[in-house]
Amino acid sequence: MTSIQTPPRIIVALDFPVAEPALELVAELDPSLCRLKVGKEMFTRLGPAFVERLAAKGFDIFLDLKFHDIPNTVAAACAAAADLGVWMVNLHASGGRRMMETARERLERLPERPLLVAVTILTSLGEADIAEVGFSGTPVENVLRLARLTDDCGLDGIVCSPREAPDVRPQVGRDFLLVTPGVRPRDASLDDQQRVKTPLDALQGGADMLVIGRPITAAPDPLASLRRIQAEIAGFQR
Ligand code: C5P
């Protein structure tokens with residue numbers, strides 16, 4: 001298994017509707033400087049072959065499909081992701097203990113397995129939204145409960161907001177991975193992100209891996225933008 005704390009800490013979110021601009025961008029990037037995230041849109045349009053193509057270029061791939069189904073189905077989907085050679089795959093912690101444990105056990109049978117992380121509460125949901133689907137308490141209380149459950153189920157970490165990371169960090173094991181989107185370099189546009197942290201602030205607040213999209217993918221010189229962010233976090237040690 002890939003070591004949890006190995007650099008690079010930046011995961012570039014490839015959010016494109018077609019393959020060409022994504023492949024042009026990837027041709028400018030370097031696997032020693034970043035990993036890549038493929039989400040639901042690209043995967044649904046371009047399929048497993050696209051993921052394999054990126055992995056064949058030497059990049060670690062985070063397959064961000066947020067599985068949520070009965071335990072057997074999620075475990076089988078995680079095993080299918082492992083067959084693609086991805087570095088990390090995720091599911092929804094609200095799928096429950098049996099779903100998470102079954103998925104982890106299935107991956108542990110493999111000679112080489114991807115990291116398995118959970119989404120706790122989507123950051124798009126506020127208190128009224130989660131109340132409407134039957135969760136009591138604030139979003140952050142639910143994030144903490146589901147983070148502890150995820151850790152207890154033996155998964156490798158969670159995806160969370162960099163604003164939640166300082167609350168989550170003391171509640172989970174030392175090697176438990178916090179993967180945070182919602183990151184913006186100081187000089188970058190916020191795009192549609194509302195509550196962001198800079199890359200260094202996110203790491204200092206307990207994040208391990210940073211998911212960054214448009215500040216790199218929409219930059220006139222993506223590699224230069226990636227290198228600037230790397231330079232900003234270069235001195236950081238956990
Ligand atoms: O372009 P940007 O840096 O905003 O991209 C962030 C990536 O992280 C996107 O792929 C987005 O879907 C994902 N994400 C997020 N916020 C969350 C969860 C995932 O921005 N709470």
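What follows is a chat about a predicted model of one protein chain.

Student: Before I look at any detail, how many helices and strands does the protein chain have?

Tutor: This is a predicted model, and its protein chain has ten helices and eight strands.

Student: And why can one call the chain as compact as a globular protein of its length?

Tutor: The radius of gyration is 17 Å, which is close to the 18 Å that the globule rule gives for 238 residues, so the chain is as compact as a globular protein of that length. Along its principal axes, the C-alpha trace spans about 45 × 35 × 35 Å.

Student: What share of the residues is buried?

Tutor: Buried residues make up 51% of the 238 residues in the chain. The accessible surface comes to about 11,000 Å², and 49% of that surface belongs to carbon and sulfur atoms.

Student: What about contacts, how much comes from residues 24 or more positions apart?

Tutor: Taking the contacts with a separation of 6 or more, residues 24 or more positions apart account for 68% of them.

Student: Changing topic to pockets, what volume does the largest one have?

Tutor: The largest pocket has a volume of about 930 Å³. It is lined by 32 residues, and the closest of these to its centre are Lys66, Thr123, Pro181, Gly182 and Gln193.

Student: Which elements give two or more residues to that lining?

Tutor: Those elements are β2 (35-39), β3 (61-67), β8 (209-212) and α9 (214-217), and the largest share, three residues, comes from β3.

Student: Is Lys66 buried, exposed or partly exposed, and why?

Tutor: Lys66 counts as partly exposed because its relative accessibility is 24%, and the partly exposed class lies between the buried limit of under 20% and the exposed limit of over 50%.

Student: What is the story with Asp191?

Tutor: Asp191 likewise is not a glycine and has a positive phi, here of about 50 degrees. Asp191 is found in the loop between β7 (177-180) and α8 (199-204), and with a relative accessible area of 38% it is partly exposed.

Student: How far apart in space are Leu25 and Asp175?

Tutor: Their C-alpha atoms are 32 Å apart, and in sequence Leu25 and Asp175 are 150 residues apart.

Student: And Ala22, which residues is it in contact with?

Tutor: Leaving aside its neighbours within four places in sequence, Ala22 is in contact with Phe16, Met42 and Phe50. Ala22 is found in helix α1 and is buried, with a relative accessible area of 0%. Between Ala22 and Trp87, which are 65 residues apart in sequence, the C-alpha to C-alpha distance is 19 Å.

Student: One more region, the loop between α4 and β5. Is Pro111 buried or exposed there?

Tutor: Pro111, which lies in the loop between α4 (97-108) and β5 (115-119), is exposed, with a relative accessible area of 86%. The C-alpha atoms of Pro111 and Leu178 are separated by 24 Å, and the two residues are 67 residues apart along the chain.

Student: And Arg113, is that one buried or exposed?

Tutor: Arg113, which is found in the loop between α4 and β5, is buried, because its relative accessible area is 16% and the buried class takes values under 20%. Arg113 and Asp83 are 30 residues apart in sequence, with their C-alpha atoms 9.0 Å apart in space.

Technical notes:
Residues numbered from 1 in each chain as written. Predicted model: local features only at pLDDT ≥ 70, side-chain atom pairs only at ≥ 80, totals over all residues. Heavy atoms only, no water. 1 Å grid on protein atoms, 1.4 Å probe; cavity = no way out; pocket = protein on both sides within 12 Å on 5 of 7 lines; lining within 4 Å. Points joined across faces, edges and corners; volume = space filled by probe spheres on them. Helix = DSSP H or I, 4+ residues; strand = E, 2+ residues; numbered from the N terminus. Rg over C-alpha atoms; globule rule 2.2 N^0.38 Å. Buried < 20%, exposed > 50% of the residue type's maximum accessible area, 1.4 Å probe, protein only. Contact = heavy atoms within 4.5 Å. Areas by Shrake-Rupley, 256 points an atom, 1.4 Å probe, with all protein chains shown as cover.
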